[in-house]
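Colleague: Before I use these labels, I would like to go through how each one was assigned.

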Amino acid sequence: MFQAFQQLISTFLPSLLLLFWSLATASVIVTISPIPVPQAFKDAVFLASCRGKLWHDKPAALGPLRDWAVPQAWFLHFYIVGSCCNAVVLLMYCLSSSPGSTSTHMPLLALLLMQLHLGRRALETAVLMRYPRGAVMHGIAYVFGIR
């Protein structure tokens, strides 16, 4: 069952990630370029990035979702979810690679460094960061970050 799950992920995950990042990049490029697109689309992309100083200038896009906000202190969730996902990928990589193979050192090093970075950022956010009481980010930005 584990091998079937691993096969499913290795088959579809690269394509899904490529699709997600292509659509996200294209939406930003279309929004900042002079290409004629509906203003509601541009407002929605802008609204998804609202936090801090931009929060008070948010457009009237997305109707009831316009005022959906979460505390910026929730940034810790990004690092916890990222660390868990990276740990799963690291485990799958270690179980699928042959021991002693020299071609496995670089990806393994990259995954270990990413795990170290995510753990450091989670610890930094939990222990050092003190967000102001009114610091918020838009809920859509939170969902994009957690994905």
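Modeller: Leu23 is found in helix 1 (residues 2-32), where helices are DSSP runs of H or I with at least four residues, numbered from the N terminus. This is a predicted model, in which local features need pLDDT of at least 70, side-chain atom pairs count only at pLDDT 80 or more, and totals for chains, interfaces and linings use all residues. Residues are numbered from 1 along each chain as its sequence is written, and side-chain values use heavy atoms, with hydrogens and water left out.

Colleague: Why is Leu23 called exposed?

Modeller: Its relative accessible area is 55%, and exposed means over 50%, buried under 20% and partly exposed in between, with a 1.4 Å probe and protein chains only; Leu23 is therefore exposed.

Colleague: What makes Asn86 buried or exposed?

Modeller: Asn86, found in helix 3 (residues 75-96), has a relative accessible area of 9%, so it is buried.

Colleague: Which backbone oxygen does the side chain of Asn86 reach, and at what separation?

Modeller: The side chain of Asn86 reaches the backbone oxygen of Leu111 at 3.0 Å. Leaving aside neighbours within four places in sequence, Asn86 is in contact (heavy atoms within 4.5 Å) with Leu111, Met114, Gln115 and Leu118.

Colleague: How do you know whether Ser83 is buried or exposed?

Modeller: Ser83, which also lies in helix 3, has a relative accessible area of 18%, and is therefore buried. With neighbours within four places in sequence again left aside, Ser83 is in contact with Gln115 and Leu118, while the C-alpha atoms of Ser83 and Arg121, 38 residues apart along the chain, are separated by 9.9 Å.

Methods. Helices (H or I, at least four residues) and strands (E, at least two) are DSSP runs, numbered from the N terminus. A polar contact is a pair of N or O atoms within 3.5 Å; within protein, one must be able to donate a hydrogen and the other to accept it, and residues adjacent in sequence count only if both atoms are side-chain atoms.
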